[in-house]
Amino acid sequence: MGFWTLFEVASMPILQVLIISSLGAFMATNYLNLLHTDARKSLNKIVFVVFTPCLMFASLAETVTFEDLVAWWFMPINVALTFLFGGILGWIVVKLLKPKPHLEGLIIATCSAGNLGNILLIIIPAICTQEGSPFGDHKICSTVGLSYASYSMALGGFFIWTYTYHLVRTSSLKYKALKLAEEVSMVPNKDLDANAKTYLLEGQVEDPVTIVVPSNTYTEVDTGNDAILPQFSAGKMEEGTKSSRGNVMVVLHKLLEEVFAPPTIAAILGFVVGATMWLKNLLVGDNAPLRVIQDSVKLLGDGTLPCITLILGGNLIQGLRSARLGPVLIVVVVLVRYLFLPLIGIGVVTVAGNLGFLPSDRLYRYVLMLQFALPPAMNIGTMTQLFDVAQEECSVLFLWTYLAAGLSLTAWPIVYMWILS
């Protein structure tokens, strides 16, 4: 496969994202005003609750079997490592460049969460069908490659809607806490003649002022529930113990809330149906009695990627006007995603292969390497919209990372195929 052919294949999904994003940006302008802020928020909720779960379930139920889950045991570890190393690199970027607190979660999420779904679904079958492909018969390659891509998408969705979801939610809480602190600091002092010395001299010291801080409780309407810091005294040790137990329960509740987000539940159900033959025979296949259910779910799932990309473009218009991201930060994030992570991926797959953890299938190893070289997951944009934090900065960061992905997704596949040949 020649360089320009590979460049064309690798660039197609990136061009699709940019074209649909441009349409979303045009729809969000004052000229059309179709994707205004409220419309994007409503569409995001539909994507989160309906479209994304349907896409996850339909892909897994149709392509993954129990034997596949056993044979591909290293892929979940590989995806976890992409998030681990990307998260570490993102944390280093945050510590070195010190961005605003509400941007920290976005930066770490952008560095760690790759687009493990739609880009692989486009690139892998396209490479399989090209003449001179090193992966054998194009029909077998395309079928197996789609299974790899679907499994990768499900794994990516699980980590994105747990780990990345938590990062963005935490950034939202920080952002709301800072806004609350600014509002409190701007409240004028009504007693202009009074000060701390006055109260001490006159003996008018009242009870200590309680400090109000936002709790971690998240609801769709309000994430700023208040928790009053306890006044520490010997007589309130029992209350402190109860408070600690309550905090543990809150943490467990939030963990379950994130793990059982709609996309994650759909992924689990997809795994169950795909791995259980009698359930799969009911839903999947030309003669399946309940095939209409699978077809309906798949039809809903097909709306996920266009909607996410349109919303991304709509956020971009506002982002170009108001976002404040330094060029150094953008360049460093691009280097993390397209230089450091792909090099780490080569090392991980090479070591795993030498230790005998991987099958001899070159396409499987190629997919594992490619998982380290992908642009950021587009679901990050959905999360920033859901939590109303760093939406404009996310759109600007995505614009530059996806522009750079055109070159990265051409260069690294060439290197990977050269290593595997």
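## The second largest cavity

By class, the residues lining the second largest cavity are five nonpolar and three polar, with no charged residue among them; here Ala, Val, Leu, Ile, Met, Phe, Trp, Tyr, Cys and Pro count as nonpolar, Asp, Glu, Lys and Arg as charged, and the others, Gly among them, as polar. The elements that give two or more residues to this lining are α13 and α16 (379-387), and the largest share, four residues, comes from α13.

A cavity is, on a 1 Å grid over the protein atoms alone, a set of points where a 1.4 Å probe fits but cannot get out, and lining residues have an atom within 4 Å of a point. Grid points are joined across faces, edges and corners, and a volume is the space filled by probe spheres set on the points.

## Basis of the model

The structure is a predicted model, in which local features need pLDDT of at least 70 and side-chain atom pairs count only at pLDDT 80 or more, while totals for chains, interfaces and linings use all residues. Residues are numbered from 1 along each chain as its sequence is written, and side-chain values use heavy atoms, with hydrogens and water left out.

## Overall make-up

The protein has 17 helices and two strands, where helices (H or I, at least four residues) and strands (E, at least two) are DSSP runs numbered from the N terminus. Of its 421 residues, 47% count as buried, a term that means under 20% relative accessible area, whereas exposed means over 50% and partly exposed lies in between (1.4 Å probe, protein chains only).

The protein exposes about 21300 Å², of which carbon and sulfur atoms supply 67%; accessible areas come from the Shrake-Rupley method with a 1.4 Å probe, and for residues only the protein chains shown count as cover. Among contacts (heavy atoms within 4.5 Å) between residues at least 6 apart in sequence, 83% join residues at least 24 apart.

## The largest cavity

The count comes to two cavities of 30 Å³ or more, and the largest cavity has a volume of about 220 Å³. The elements that give two or more residues to the lining of the largest cavity are α2 (37-63), α7 (138-185) and α13 (304-322), with α7 giving the most, four residues.

In total 18 residues line the largest cavity, and Asn115, Gly117, Met153, Leu305 and Asn379 lie nearest its centre. By class, this lining has nine nonpolar and nine polar residues, and no charged ones.

## The nonpolar core

The largest nonpolar core holds 104 residues, of which Met75, Leu363 and Tyr366 touch the most other members, and α7 gives the most to this core, with twelve residues. A nonpolar core is a set of buried Ala, Val, Leu, Ile, Met, Phe, Trp, Tyr and Cys residues joined through side-chain atoms within 4.5 Å. Leaving aside neighbours within four places in sequence, Leu363 is in contact with Ile124, Cys128, Phe135, Cys141, Val144, Gly145 and Tyr148.

Leu155, in helix α7, is buried with a relative accessible area of 8%. Beyond four places in sequence, Leu155 is in contact with Met75, Pro76, Val79 and Phe271; the C-alpha atoms of Leu155 and Met75 are separated by 8.5 Å, although the two residues are 80 apart along the chain.

Asn78 is found in helix α4 (residues 74-97) and is buried, its relative accessible area being 0%. When neighbours within four places in sequence are left aside, Asn78 is in contact with Val348, Val349, Leu368, Gln371 and Phe372.

Tyr416 lies in helix α17 and counts as buried at 0% relative accessibility. Not counting residues up to four places away in sequence, Tyr416 touches Pro342, Ile346, Tyr366, Met369, Leu370 and Ala373. The C-alpha atoms of Tyr416 and Arg365, which are 51 residues apart along the chain, are separated by 9.0 Å.

## Loop residues with positive phi

Asn33, placed in the loop between α1 (3-27) and α2, has a phi near 55 degrees, a positive value in a residue other than glycine. Asn33 is partly exposed, with a relative accessible area of 40%.

Asp388 is found in the loop between α16 and α17 (391-420), and its phi, near 55 degrees, is a positive value in a residue other than glycine. Asp388 counts as partly exposed at 39% relative accessibility.

How values were computed:
On a 1 Å grid over the protein atoms alone, a cavity is a set of points where a 1.4 Å probe fits but cannot get out, and a pocket is an open set with protein on both sides within 12 Å along at least five of seven lines; lining residues have an atom within 4 Å of a point.
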